Amino acid sequence: MGRIPHRPGGPWPGILLAASVLGSCLQLTLAQTPVTIVPPSTVQIRSPTSRVLATVVLRGSEILPKPTVTPRQIQVLENGTFTLRCNSSPSANTVLWLQDGVSLAPSDRLVLSPDNRTLTVLGVTRGDAGTYQCEVRNPVSTNRSENSTVTLAYGPDSARIDPPGPIGLTLGSPLTLTCVANSVPAPSYRWVLNGTDTKETGSSLTFKLTTWAQQGTYECRAHNPVTGRTAWASVAVRVTGTGAPSGLSAGAIAGIVIGSLVGAALVGVGAYFLYSRCRNETPRENEAPVPVYENLPPTAGAGPVTLQPRQPDVYEELKK
């Protein structure tokens, strides 16, 4: 093993090199770290067991600092595109990319720049969301960046209400309706009853059925402000039990009541006209009966036919 002392003011301040000959190979070892290497230089090495003088050109490599990925956090729309940049020392001759700790390989959707320092993902899918890192290497060191987080904005594709309907409850029963929609970021909610906005905006709607007007069709509307998409779901809620108006709305109930009153009035008017007609057709008391004539068949050998009055009907006074 031979040692190469540095000269004061030499090209590698503070560095002590050790050299050893292994067969036909010359191995140099840094005896002190960290180091900063200036451009390539020529040194002479003498083996303690040989008088042969070797001339070696040293091309040094630095201990790589930790790289960074920009941007550190990004949100992209589904089917969109995003680009990440690995920022590292120029002496890094190898750059690798990882997603959630797994090395990435170039593909039709994963495009790398010629120096591998830029990663572009095309046609982003939900599987592309996660944490990304870049790893840099040179002959003497390896270092990896902190995480860069990629989130995907999508949905809502659909919505549903729990519990599903139809729901039948007695008056005074409590009820909680929950709207579920798969969406990133989380959607905003609106609740509508029978087409009228209730002004409720949470994912859950909790109330007690205290009036008939609270029954009907409840609808939740989930809206993603980033994707601009909205999903709907609805459920029917009906009041059951004694005194319930058969699940009819307030408008239907009012219509039935009004119809019933109009029908009763029409029946009364009809009865009055029937009574008046019957009264006009009944002979009045103490009035002489109107004579009715009948045509009698002719009698043999008799003279001209004459009309004879028919015997009047006898009316019997009906006693109540």
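**Entry 1. Terms and model**

I take buried to mean under 20% relative accessible area, exposed over 50%, and partly exposed in between, with a 1.4 Å probe and protein chains only. The model is predicted, and local features need pLDDT of at least 70, side-chain atom pairs count only at pLDDT 80 or more, while totals for chains, interfaces and linings use all residues. Residues are numbered from 1 along each chain as its sequence is written, and side-chain values use heavy atoms, with hydrogens and water left out.

**Entry 2. Nonpolar cores**

I looked up the nonpolar cores, a core being a set of buried Ala, Val, Leu, Ile, Met, Phe, Trp, Tyr and Cys residues joined through side-chain atoms within 4.5 Å. The largest one has 21 residues. Ile161, Ile167, Leu175, Leu177, Trp191, Phe207 and Tyr218 have the most contacts inside this core. I then listed the elements that give two or more residues to this core: strand 16 (159–162), strand 17 (167–170), strand 18 (174–181), strand 19 (188–193), strand 21 (204–208), strand 22 (216–223) and strand 23 (230–240). Strands here are DSSP runs (E, at least two residues), numbered from the N terminus. Another core, of 19 residues, lies apart from it and includes Ala92, Val121, Val136 and Val150. As background, nonpolar side chains tend to be buried together in soluble globular proteins.

**Entry 3. Surroundings of Leu177**

Which residues are in contact with Leu177, leaving aside its neighbours within four places in sequence? Taking contact as heavy atoms within 4.5 Å, I find Ile161, Asp162, Pro163, Ile167, Trp191, Ser203, Ser204, Leu205, Phe207, Tyr218 and Val235.

**Entry 4. Sheet 16-18-21**

I traced an open sheet of 3 strands, in the order 16-18-21, with antiparallel pairing; two strands pair if DSSP finds at least two bridges between them. Strand 16 and strand 21 are at the edges with a single partner strand each, so one side of each has no neighbour in the sheet. From one strand to the next the twist averages 15 degrees, with axes as lines fitted to C-alpha atoms and angles running from 0 to 180 degrees between N-to-C directions. Strand 16 pairs with strand 18 over 4 bridges in the antiparallel sense, and Ala159 stands opposite Ala181 in strand 18.

**Entry 5. Hairpin of strands 13 and 14**

Strand 13 and strand 14 form a hairpin, with 2 residues between them. Their pairing is antiparallel over 4 bridges, strand 14 being residues 141–144. Val136 stands opposite Asn143 in strand 14, and I note that Val136 also belongs to the core of 19 residues.

**Entry 6. Salt bridges**

How many salt bridges does the structure hold? I find 11, where a salt bridge is a side-chain nitrogen of Lys or Arg within 4 Å of a carboxyl oxygen of Asp or Glu.

I examined Arg126 with Glu78, whose closest N and O atoms are 3.2 Å apart. This pair links distant parts of the chain, 48 residues apart: Arg126 is in the loop between strand 12 (118–121) and strand 13 (130–138), and Glu78 is in the loop between strand 7 (73–77) and strand 8 (82–87). Arg126 is partly exposed at 33% relative accessibility, and Glu78 is partly exposed at 29%. A network of salt bridges links Glu78, Arg126, Asp157 and Arg229.

Arg160 forms a salt bridge with Asp162, the closest N and O atoms being 3.4 Å apart. Arg160 is partly exposed, because its relative accessible area is 46%; Asp162 is partly exposed at 30%.

Asp197 and Arg190 meet in a salt bridge at 3.1 Å, N to O. Asp197 is partly exposed at 27%, and Arg190 is partly exposed at 37%.
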